[in-house]
Amino acid sequence: MKSVCSNTIILRPSLLLTRPAYTVSRPVFLSSKRPFTHTAMVRGDPYKPAARVAGQKQDVWTIVNEAAAASPVQPIVNMGQGFFGYNPPGFVVNAAKGALDRVECNQYSPTKGRPRLKKAIADAYTPFFGRTLDPEKEVTITTGANEGMLSAFMAFIEPGDEVIVFEPFFDQYISNIQMAGGKIVYIPLDPPARGATENTSAAEWTLDMAKLEAAMTDKTRMIVLNTPHNPIGKVFHKDELRAIGDLCVKNKVIILSDEVYDRLYYVPFTRIATLSPEIADLTLTVGSGGKNFYATGWRVGWLIGPEHLIKYVSAAHTRICYSSVSPLQEAMAIGFEEADKHNFWDETKQEMKAKMDLFNGIWKELDLPFSDPEGGYFVLVNLAKVKLPADYPFPPHVASRPRDFKLSWFLIMELGVAAIPPTEFFTDDNAHIVEDWLRFAVCKEDSVLEEAKNRLRGLKKFIQ
Ligand SMILES: Cc1ncc(COP(=O)(O)O)c(C=O)c1O
């Protein structure tokens, strides 16, 4: 091959594989700035996205939010996405305002997080963990729990490694694991058998330990746990966690325990990292300031774990986004420092439980069974009894999805209430498990919940 003078453009191997070569003529500018035409070899589609973002079906959030915007019933009561319908508590908002006035709070944070926030988290979680947490070595701050989990996968997953995920799952786990090159092994939680006919408890969604044990191979590197669980609202029982933890110790599997709803539990709540030193040695616990302080847009999260795990999560986080937003870390540090003084943690739990009970009154009224959550702010409702009109004009991207997407669309368009179709949190093979259910987020003002109930009374005429 001639040198650069041959005007041959050498393309990346990934592009070479995609399309047959073809030639184009185009002007090339040399240093003299004199254009001349030459024949360049161009292969493949320069706009072809990487596999990790290509070919994804339209995500549920876009479908539901677009439908909500297009609904003839406005303003919509949006109980779909889990964002709060009210502001963070005053002492946290004021802390953020104060932080914005401080020069050092407006500049880069250290990559592992602001020392004040790491200390506040270590102090707040030390009593829960039953041992003194080292803020410098055992806590790292991330850009929301989500980026924290991406950092954890990037830190430990090599292409081909297996990661066990329970179904239903929080959808971001999937792309995060895939971006790291991991292979997901799914284990469905079994729904309550009576779920379509009677009210049940989120506790009745069960894990078949034999299935989990069978799924562990020598390629299994990590398992993702979520308690309190989104969307089920299950708080894993201590015995379940002990069995999972012991299995992970036996197989040397890292546990990523997503505990972002850790302040919202209505039954006793156990953290898997506290069950034995061996389990703690393998566990990364994930937290979210957005969920704790009603500030999902602030994008502050953290991981707590042993130094030998945390240091690699921090290393990945440094490469992904360098550091996380500074003034809001400071505000959350103050939030943790002052929360007890304001009795915030007790109040947040009581308020959310009251919202849950207030809203669920409508299902009792309509005689539609729901799965009573043990934690978090989502409720799953079974709408098998709702008969959708046979000739209802669902758009093709909804008509082609399971029945829960149609239920969701119908509620948005006819009643002006948005909820999430939970099949999105399952693989295609297991989606049938929840195709009659919808997920409602109750983290909204009471007046909004009352309005939702009013509108949902419109379902009566479709119930058989
Ligand atoms: C189970 C679960 N994990 C993690 C997250 C993400 O938390 P963050 O907003 O802090 O990234 C969510 C958000 O909805 C969630 O439901």
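Is D367 buried or exposed? I looked there first. D367 counts as exposed because 10 C-beta neighbours lie inside 10 Å. My cut-offs: buried takes 20 or more other C-beta atoms within 10 Å of a residue's own, exposed takes 12 or fewer, partly exposed is in between, and C-beta atoms are placed from the backbone.

**Ground rules.** I am working on a predicted model, in which local features need pLDDT of at least 70, side-chain atom pairs count only at pLDDT 80 or more, and totals for chains, interfaces and linings use all residues. I number residues from 1 along each chain as its sequence is written. Helices (H or I, at least four residues) and strands (E, at least two) are DSSP runs, numbered from the N terminus.

**Positive phi.** D367 sits in the loop between α13 and β12. Its phi is near 60°, positive in a residue other than glycine. I found another such case at Y294, with a positive phi of about 60°. Y294 is in the loop between α10 (289-292) and β11. Y294 counts as partly exposed because it has 19 C-beta neighbours inside 10 Å.

**Helix α13.** I then stepped back to the helix that D367 follows. I take the expected span as 1.5 Å times one less than the number of residues. Buried residues in α13 include M352, M356, F359 and W363. The buried residues pack against β12 (370-372), β13 (378-382), β15 (437-441) and α16 (446-456).

**A441.** I followed β15 to A441, which is in that strand. A441 counts as buried because 24 other C-beta atoms lie within 10 Å. Leaving aside neighbours within four places in sequence, A441 is in contact with M79, G80, Q81, G82, Y377 and F378. Contact here requires C-beta atoms, placed from the backbone, within 7 Å.

**Core.** The largest nonpolar core has 123 residues. I define such a core as buried Ala, Val, Leu, Ile, Met, Phe, Trp, Tyr and Cys residues joined through C-beta atoms within 7 Å. L256, V381, V417 and F440 have the most contacts inside it. The largest share of this core, eight residues, comes from α5. I checked V417: beyond four places in sequence, its contacts include V77, M79 and L456.

**Ligand shell.** α5 turned up again here. This helix (residues 144-156) gives the most to the shell around the ligand, with three residues. There are 13 residues around the ligand, and G144, A145, N146, N230 and S288 come nearest. Near means a C-beta atom, placed from the backbone, within 6 Å.

**Helix α4.** I compared span and length once more. α4 (residues 115-129) has 15 residues and reaches 20 Å, close to the 21 Å expected. It bends by about 25° at D123, and P127 follows within four residues. I read the bend as the angle between axes fitted to the seven residues ending there and the seven starting there. Just after α4, G130 takes a positive phi of about 70°.

**Cis bonds.** I noted Q74 to P75, with omega near -5°. P75 is in the loop between α2 (60-70) and β3 (77-78). I also noted T227 to P228, with omega about -15°. P228 lies in the loop between β8 (220-226) and α8 (238-251).

Notes:
Two residues are in contact if their C-beta atoms, placed from the backbone, lie within 7 Å.
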